[in-house]
Amino acid sequence: PEQVITTSATEGDNVGQVLLAVVKAEPQLLLAVGQALPAYRAQLAWPRVMSAAAAAGTIALFPIPIATFFPLITLQAGLILNIAGIYGYPINRQRARELVGTFAAGFGARMIFQQIAELVPVAGWVLSVAIASSTTAAMGYTAMQWFERGENISSETMRKMATDWTQGIINGLRGLGDQAPDKRDLRKRLQGILEQVTRGAVKKG
């Protein structure tokens with residue numbers, strides 16, 4: 001019963017929810033639906049951003065710089081590719097990696113790490129997870145604006161957004177203590193926290 005979505009063909013009620021449910025059940029339809037129905041692109045892209053941001057957090061759960069760098073870049077490049085496809089912009093993986101570098105330079109992940117580490121005393125795993133998740137979410141949001149409007153978000157705006165989201169995620173994880181949780185539990189928890197701290201970033205209609 002919880003999977004039943006009430007809708008109206010004449011009024012168009014909950015059409016977006018139906019589309020999201022279809023894509024969730026059949027992920028391979030994501031790009032086709034995005035290209036066919038431009039009005040729903042943001043609604044289709046944002047859940048993908050949230051999923052990637054939560055996954056980024058699990059990659060950074062046990063931070064080893066060299067070991068986590070390449071999986072994070074691969075995940076973020078895949079996110080950019082997905083968003084580009086939803087908005088009808090064909091790009092290759094190399095171009096996606098270049099955009100990851102451009103967006104990351106804009107909000108300065110290293111600068112955020114240093115700033116938060118000095119101001120907020122938390123377990124190392126919490127800080128790493130929060131920054132990986134928040135910067136991936138900020139990167140996805142920036143890419144959506146880029147492909148949808150050709151809009152360049154200022155570095156100051158990007159940095160503030162990523163910093164605010166990092167602090168929100170830290171607050172959500174603070175009660176878990178110094179011992180890192182199971183990856184599956186963390187990912188589920190992160191998705192809930194991300195929905196809260198990024199609420200209002202994208203109008204879901």
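**Group meeting: the helices of a predicted model**

Let me begin with helix α9, residues 183–197, whose 15 residues should span 21 Å at 1.5 Å a residue, and whose end C-alpha atoms are 20 Å apart, which agrees; the expected span is taken as 1.5 Å times one less than the number of residues. Helices here are DSSP runs of H or I of at least four residues, and strands are runs of E of at least two, numbered from the N terminus.

Residues are numbered from 1 along each chain as its sequence is written, and side-chain values use heavy atoms, with hydrogens and water left out.

Which residues of α9 are buried? They are L186, L190, I193 and L194, where buried means under 20% relative accessible area, exposed means over 50%, and partly exposed lies in between, with a 1.4 Å probe and protein chains only. Seen down the axis of α9, its buried residues fall within an arc of 100°, so they line one face of the helix; the arc is that of the directions from the helix axis to the C-beta atoms. As background, an α-helix has 3.6 residues a turn, so residues three or four places apart point the same way. On the other side of α9, R184, D185, K188 and Q196 are exposed. The cover over the buried residues of α9 includes α3 (41–59), α7 (124–149) and α8 (155–173). At the start of α9, a side-chain oxygen of D182 comes to within 2.9 Å of the backbone nitrogen of R184.

In α3, 15 of the 19 residues are buried, so that the helix is mostly covered, and at 1.5 Å a residue its 19 residues should span 27 Å, which agrees with end C-alpha atoms that are 27 Å apart. In α7 we find T135, which counts as buried at 6% relative accessibility, and a polar atom of the T135 side chain lies 2.6 Å from the backbone oxygen of I131.

Turning to α8, this helix packs with α5 (residues 93–107) at an angle of about 80°, with their axes 7 Å apart. The two helices, α5 and α8, are therefore roughly perpendicular to each other, a term that covers angles of 65 to 115 degrees. The contact is made by F103, G106 and F107 of α5 together with S155, M158, R159 and A162 of α8, contact meaning heavy atoms within 4.5 Å.

In the segment before α1 we find N14, which is partly exposed, with a relative accessible area of 32%, and whose phi is near 60°, a positive value in a residue other than glycine. For comparison, most residues other than glycine have a negative phi. In the loop between α1 (15–25) and α2 (30–36) sits E26, partly exposed at 37% relative accessible area, and a polar contact of 2.8 Å joins its side chain to that of Q28.

Finally, the chain as a whole has 9 helices and 0 strands. Of its 205 residues, 43% count as buried, and residues 24 or more positions apart account for 71% of the contacts with a separation of 6 or more.

Technical notes: This is a predicted model: local features need pLDDT of at least 70, side-chain atom pairs count only at pLDDT 80 or more; totals for chains, interfaces and linings use all residues. A polar contact is a pair of N or O atoms within 3.5 Å; within protein, one must be able to donate a hydrogen and the other to accept it, and residues adjacent in sequence count only if both atoms are side-chain atoms. Axes are lines fitted to C-alpha atoms, for helices over the stretch in contact, and angles run from 0 to 180 degrees between N-to-C directions. Angles under 35 degrees count as roughly parallel, over 145 as roughly antiparallel, 65 to 115 as roughly perpendicular and the rest as oblique.
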